[in-house]
Amino acid sequence: MSAHHDTGRTAATTWPAGPDPNGSGGALLRVLAARVGALVEPWLSGPLPVPHRALQQTAEAAAYAWLAPGGLCGDPRLVPRAEECLDALARQQGRLGLFLTGDNVESPPDSSFTVNGLARLVRVCRDADRAELAGVRRRAEQVLRAVLPGLLTGGVHTPNHRWEIAAALAQLADLFDDQAAADRCDAWLAEGIDAQPDGLYTERSPSYAAHVTNPCLLLLARFRRLPALVDVVHRNLHAHLTLTDPTGRVETLQSRRQDQRLELSVAMFAWQLRVVALRTGCARCAAAAAWAEALGGSDPLAAIGAALTSPETLAPLPGHPAPAGSSPEAPGWEVLATSDVAVWRHGAARVVVRAAPDVAVLGRVESGTAANPTFAHVRVADAWVSSVRLSRSFFAVGPFRATTLTVDDTTARLTERVTASYYQPLGAAGAARAGGLDYAHEGRFAAQMSFAERVRDEVTLATTVTVTPHPDGAAFEVVTAGPRVTLTLELGLGDVAVEHVAGPWLDLGDGRVVASHGTVARLGSYDLALDVTGDLPAAVPAQVAYDPGEAYTFLGGTDAVGGARLYLAAATPGRLTARLRLVPTA
């Protein structure tokens, strides 16, 4: 991959310019200006923030609020404050120019987040061509030149870091016409982007896609003249729109990062959706961009920085979509096969089903795995079963995490086999071992037992869960084979008030209720009715619980959900079918 020098700059601009300040572009610019003004206003007096990224963001917000039409435009406090932030940043640079504050220790990728913001700031100052910003530009360029050696040699430790550091190098190569930066950027790009066939990146994380990978790939597409990277971002946006429900909530179960248990909004993709829609003419992205902007929009610094240097990004979206929601999706299943996620839609109903094979592949729960054991969500209009989990008392291996997902026209099927072992004696061969037996991890725990050398007696529990969506909810059929253990199907309802209407109801406290066939619970304006059948022997209520497994409990931790939870009690082996109906209250 050869180096290219591409400034991508517009002519010098003094705002308001470009789009009609009274038109839709001008209105959007004023919204962005108000948002960056709100970011900087708390820092206009008193001590500055300490972390390097906060200093960079405050410097940017101050400069952009001074430039853009809005309540703080031209405020005399802003430019000096931006300069103070940049001076503080320079004092934080250690060896090779890397920043000393932040989440990690003299981190090249963490420093790259700040570099990408400062490079954007320099570009805005250059294009605005205002004498008042000369000091801001000069200080920012000094910080960037000092950090370049650290980025030319520095490494990373997560997948998205590669694109953050590559984008920083691409911007520095462009700003300073630096061939070494271009070559180092191309070395990262030569690995190939970690985009899966289903459109998600290997981290499968909505927040990292929205805040790191997609913005960086758009920068790399521009400054390394690689338009194919826009197509990668486009596919990722479509995948995340598939994972977005009618309320704007983006599914996170598949994520391998910290956001796998968070509530995220499609609003965080707003600016990327706008840029891609304008670049490609995609009606789906245009409709989603209008919707995401109406929900609050994404990073205002990235958005206004782009708007100040490229006013064409404020143009009307293709088709002038109304910001009432995302474009209608076809009914039935849509599968993101690489990420083991399937989404079913029918009118106001939506069911998400997913497998979670990472824990089985690695043999443990750890950071970087999609370990959340929730295997389904069910939504009907405003009614929401936020978490469906299956717990069992089987050697403390933790809850059901399916290793396979198959989907046909009517159902999604999840399967899992978990095994624990009893080990036979080593006999005299063990006693004769010099230095004692080997210390090793058995799969559940570690001990000095030379597990690999022993004959083992395996105990296996096989589980198949078949999910059948319906316009008013879903049915879950659980079939198990293996030893007799207690089984709990947990229906998490979130932080909502739940009222007992009819049927079995044993309150365990802390929002936990044992339910069964005929239970009806009121969730606001909807009733959740349960039809439960099967040939499983009933478990006693004292055994009904959620067990996170030894991976958590030996540390005194848990991955349990809070809020209201309904428990369906059973035991293995056998069959349990639970039909959930969400119907408007009479």
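Let's start with a sorting rule: Ala, Val, Leu, Ile, Met, Phe, Trp, Tyr, Cys and Pro count as nonpolar, Asp, Glu, Lys and Arg as charged, and the others, Gly among them, as polar. What you have here is a predicted model, where local features need pLDDT of at least 70, side-chain atom pairs count only at pLDDT 80 or more, and totals for chains, interfaces and linings use all residues. Residues are numbered from 1 along each chain as its sequence is written, and side-chain values use heavy atoms, with hydrogens and water left out.

Now for the pockets: on a 1 Å grid over the protein atoms alone, a pocket is an open set of points where a 1.4 Å probe fits, with protein on both sides within 12 Å along at least five of seven lines, and lining residues have an atom within 4 Å of a point.

The largest pocket holds about 1300 Å³ of space, a volume being the space filled by probe spheres set on the points. Its lining takes in 47 residues, and R120, P215, L219, W271 and A302 lie nearest the centre. Helices (DSSP runs of H or I, at least four residues) are numbered from the N terminus, and α8 gives the largest share of this lining, 10 residues. By class, that lining has 22 nonpolar, 15 polar and 10 charged residues.

Move on to the second largest pocket, with about 830 Å³ of space. Here 34 residues form the lining, with G363, R364, V397, G443 and R444 nearest the centre. The largest share, 7 residues, comes from β9, a strand (a DSSP run of E, at least two residues). This lining sorts into 16 nonpolar, 8 polar and 10 charged residues.
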